Amino acid sequence: MLNVFKKSSEILKPRAHVVLSGSLNEDMNFLEGHPDAIFILNTKGEILTCNSKLLVLLGYKREELKSFLEEVVPPTHREEVKDSFQSTLKGKTVHYSIVIRQQNGQSLTTEITNIPYYQEGVISGVYGIVRDVTEEQTFKKNYAELLKRNEEEVWRLATHDHVTKLPNRFYLMNTAEQWLNEDKSMTVIAISFNQISEINRTLGYTYGDVWLHATAQLLKNNTPKEAFIGQLIGDDYVILLPELIGFNKEEWIETLLSFNNHKFSLESYEWYAKVSLGVSNSSPGEDEKAETLIRHANIALDRSKKSTTKVHIYDAYLDIEAFKRYKIYSDLRYAVLREELFLEYQPKVNAWTGKVEGAEALIRWNHPKWGRIPPNDFIPLAEESSVHLKIADWVVEETCRQLSEWKKQNLLLVPISINVSPKRLLHGDFAEVVFKNLRKHKLPSSLFEIEISETDILYENVKISETLRQLHDKGISISLDDFGKGYSSISYLQDYPIDTIKIDRKFIKDIDSEIRARSIVRSAIFIGQEFRLNIVAEGVETAAQLQVLRGLDCPTIQGYLFSRPLLEADFAEVLSRQLLLPKEEITNKEIATLSLQAKLTIDRIDDVPVKIGSSVIMICRTNLKNLTFYSNIRFPVKEEVEYRLTVELTDRFQDVSIRLHAMKELSNGLLEYEGYYTSIHQSHIVITAFQNLR
């Protein structure tokens, strides 16, 4: 705008000198052609003349407009106008902006330039250039407001999450730092609802956004207004809580934990949280940083996620664990090179005979400074980088090498299984790595088995399916680990080349006391039998569990009841004798509680009837073909001896014909017999008697 007025000034300034030698009327001819409203004042401030544009602008007739100051300028601006007028009379060109009045009382925003008016070399008045900038000013004002709103929106987008509308980590850090600079004492609470990944994977990201909005709103509604809530990532949040008089922090934390019982409605779905909390506290007067406080809260949160206690308060020892995690992650890449990794072997045994039928190779790490580190501590870290590829291939090579060593020792070998993550199956040609090592050590593929977790199959990636198929086609068995743990589906058994299912240990734990656990295991065993799969029960630790599994016809056992994971030398000794006995034998009490009482007598020998008395036995297991029972009587185990088994039904006693084919003497003095029904139809009598036990 100022440039426009300067141009007008440059036009008018030479004309001021023309007026000295001409008439005012002649000068007005020039003024009428000017694009702006023009007036000329004498030294008293009276209007000598003006162009028609000024009259139109102000709404006056020429004869009505006498004094610009009195008639046009509001009282609030007159002093400013007088000062400008006096400055111009002294020879200065003055620019200023004022609001003037039209004749109808309306206001206009104007830009005015005063230029000295010379006559005979003496200033005899003032040229005035008036320009209406009302619309321009309105536009400027609206533009400024729009710009401000846009800046506020850009700030909001830069500092808030678009789904939850909560402050993001950047804003959270700044706020915490500001509070610390103001010497405010505060508690930092890191809270995780622990479900966003599951919801995104199961229901989709749209429902994940609904979950985030719902959890954020629940936090807002249950957090003091003085607190500050920020979002870290996903459904992990941080709350900055200042010291509040009369506020019960412990009760409020209990409220946060109670979110576990809150039912979230995700449109047509219902979902519950798995809340974990981590707490850290600032100390007045100490030189602390916001990043440190929030990191401490997250360290405590991480401990809560891994613990049954869902709230932890930060303590210095947690820092040690964080440091340990960092060191483990740093040193893991060198673990293979430095030969710090080794394998242990946990046997898989026949549920009845204790014969060793296989083993699972379990990776271990003996860290030079931190000692023995559990796989759960370093395997997830390995999968955060490419280190897991090197470790997985090392396990394949070491397993094959060890099998070759045992072969050289003339030991009777059994299949060894290794655990493989889906990430390794997705990367590169894992099948070729296996085949290469089998060829190198001259091992048959029947001695090598791959275990993959059931939840890993959820990746449903073509690469995984192809790799498993390649391995299976070469005779390598595929075992489905943790069967029934989370997303068990018969379709997996149909779509993937599965040879073995391993029933998850969490069902085995309560199998002798919980009917539901027993029912789940029974169903899993039935499914395995229907698909003609090998079945292994994991985590068997007690004789009572073993007894129930035998009753459910589970053929193979893996667990501490028979053996902990063994070093290569100890497992070699097991291979040399091919047998493991349970560390806890079945007692008479357990048999009486879990078995069916019946009577047994010899019925025929070489088809010749025999008349002798009967003895009491305890039947512990049966299926459509076979049965197992305990007795303190030594019966002849001969094919030519036929026995008559008498069981009690609801309203009668029923006889069943059986023969015996195996006997084992237990350490508690009992004898364990295995037999079979001479007629498969009679097995239903014993099964019915079992069903009537309760």
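Modeller: A salt bridge here is a side-chain nitrogen of Lys or Arg within 4 Å of a carboxyl oxygen of Asp or Glu. Under that rule, K348, E360, E449, E451, K502 and E538 are linked in a network of salt bridges.

Colleague: What sort of model is this, and what pLDDT do the local features need?

Modeller: It is a predicted model: local features need pLDDT of at least 70 and side-chain atom pairs pLDDT 80 or more, while totals for chains, interfaces and linings use all residues. Residues are numbered from 1 along each chain as its sequence is written, and side-chain values use heavy atoms, without hydrogens or water.

Colleague: How many salt bridges in the whole structure?

Modeller: The search finds 27. One of the pairs is K348 with E449, at 3.3 Å from N to O. K348 sits in strand β13 (residues 341-350) and E449 in strand β17 (residues 448-453), so this pair links distant parts of the chain, 101 residues apart. Strands (E, at least two residues) and helices (H or I, at least four) are DSSP runs, numbered from the N terminus.

Colleague: Is K348 buried or exposed? And E449, buried or exposed?

Modeller: K348 counts as buried because its relative accessibility is 6%. E449 is buried too, at 8%. The classes are buried under 20% relative accessible area, exposed over 50% and partly exposed in between, with a 1.4 Å probe and protein chains only.

Colleague: What about R634, which residue does its side chain meet?

Modeller: E665, in a salt bridge of 3.3 Å from N to O. R634 is in the loop between β25 (626-631) and β26 (641-648), whereas E665 is in strand β27 (residues 653-665), so the bridge ties together parts 31 residues apart in sequence. R634 is exposed at 52% relative accessibility, and E665 is exposed at 52%.

Colleague: And R439, what does it form a salt bridge with?

Modeller: With E432; the closest N and O atoms are 2.9 Å apart. R439 is exposed, at 53%, and E432 is partly exposed, at 34%.

Colleague: Changing topic: which order do the strands of the five-stranded open sheet have?

Modeller: The order is β2-β1-β5-β4-β3, with antiparallel pairing. Two strands pair if DSSP finds at least two bridges between them. The edge strands, each pairing on one side only, are β2 (47-50) and β3 (94-101). From one strand to the next the twist averages 30°.

Colleague: How many bridges between β3 and β4?

Modeller: Eight, in the antiparallel sense, with β4 covering residues 107-119. R101 has S107 in β4 as its bridge partner.

Colleague: Which strands does α5 lie across?

Modeller: Helix α5 (residues 75-89) lies across β1 (37-42), β3, β4 and β5 (122-132), at about 150° to β3. Helix α6 (residues 134-159) also packs on the sheet, where it touches β4 and β5 and makes about 130° with β4. Contact means heavy atoms within 4.5 Å. Axes are lines fitted to C-alpha atoms, for helices over the stretch in contact, with angles from 0 to 180 degrees between N-to-C directions.

Colleague: Last one: at what angle do α16 and α17 pack?

Modeller: At about 25°, with the axes of α16 (residues 430-440) and α17 (residues 462-473) 9 Å apart. That makes α16 roughly parallel to α17.

Colleague: Which residues of α16 meet which of α17?

Modeller: F430, A431, V434 and F435 in α16 meet T467, Q470 and L471 in α17.

Methods:
Parallel < 35°, antiparallel > 145°, perpendicular 65-115°, else oblique.
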